[in-house]
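Student: I've got a chain to go through with you. Can we work from the overall layout down to the core?

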Amino acid sequence: MTSIVGTFASADLDMVAAIATPAAQGATQSITDKPVVFMAMTDPLDAGIIDDWEAPGGNVTGVSDENPVKEQLDLLNQLGVDAK
């Protein structure tokens with residue numbers, strides 16, 4: 001990962017898209033002069049990728065694939081489905 005991220009860090013790129021936690025961690029630690037967009041990770045806050053959901057900080061942003069399970073089950077129950 002370090003070698004790949006190093007290649008991206010020194011390349012003339014407009015942004016870097018990091019897929020999954022290890023790639024995002026490597027990219028955000030090494031690349032500070034261009035945007036890093038993370039995706040396909042559950043908890044970027046816990047992984048140390050962002051500082052806060054409302055203000056990610058620095059040059060980093062992205063999306064989480066975490067499912068709001070409790071809210072989904074509550075909705076199913078409101079619709080009359082007996083889900084647990």
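This is a predicted model: local features need pLDDT of at least 70, side-chain atom pairs count only at pLDDT 80 or more; totals for chains, interfaces and linings use all residues.

Student: What pattern do the helices and strands follow along the sequence?

Tutor: The protein chain has three helices and three strands. Reading along the sequence, the pattern is α-β-α-β-β-α.

Student: Why is the chain called more spread out than a compact globule?

Tutor: Its C-alpha atoms fill a box of roughly 55 × 25 × 20 Å along the principal axes. For 84 residues the globule rule gives 12 Å, and the chain is well over that, so it counts as more spread out, with a radius of gyration of 17 Å.

Student: Which elements give two or more residues to the largest nonpolar core?

Tutor: That core has 13 residues, and Ala24, Ala27, Ile31, Phe38, Ile49 and Val60 touch the most other members. The elements giving two or more residues are strand S1 (16-19), helix H2 (21-30) and strand S2 (36-41).

Student: What covers the buried residues of H2?

Tutor: The buried residues in H2 are Ala23, Ala24, Gly26, Ala27 and Thr28. Thr28 is also in contact with Val60. The cover over the buried H2 residues includes helix H1 (2-10), S1, S2 and strand S3 (60-64).

Conventions. Residues are numbered from 1 along each chain as its sequence is written. Side-chain values use heavy atoms; hydrogens and water are left out. A nonpolar core is a set of buried Ala, Val, Leu, Ile, Met, Phe, Trp, Tyr and Cys residues joined through side-chain atoms within 4.5 Å. Buried means under 20% relative accessible area, exposed over 50%, partly exposed in between (1.4 Å probe, protein chains only). Helices (H or I, at least four residues) and strands (E, at least two) are DSSP runs, numbered from the N terminus. Contact means heavy atoms within 4.5 Å. The radius of gyration is taken over C-alpha atoms; the globule rule is 2.2 Å times the number of residues to the power 0.38. Lists of a residue's contacts leave out its neighbours within four places in sequence.
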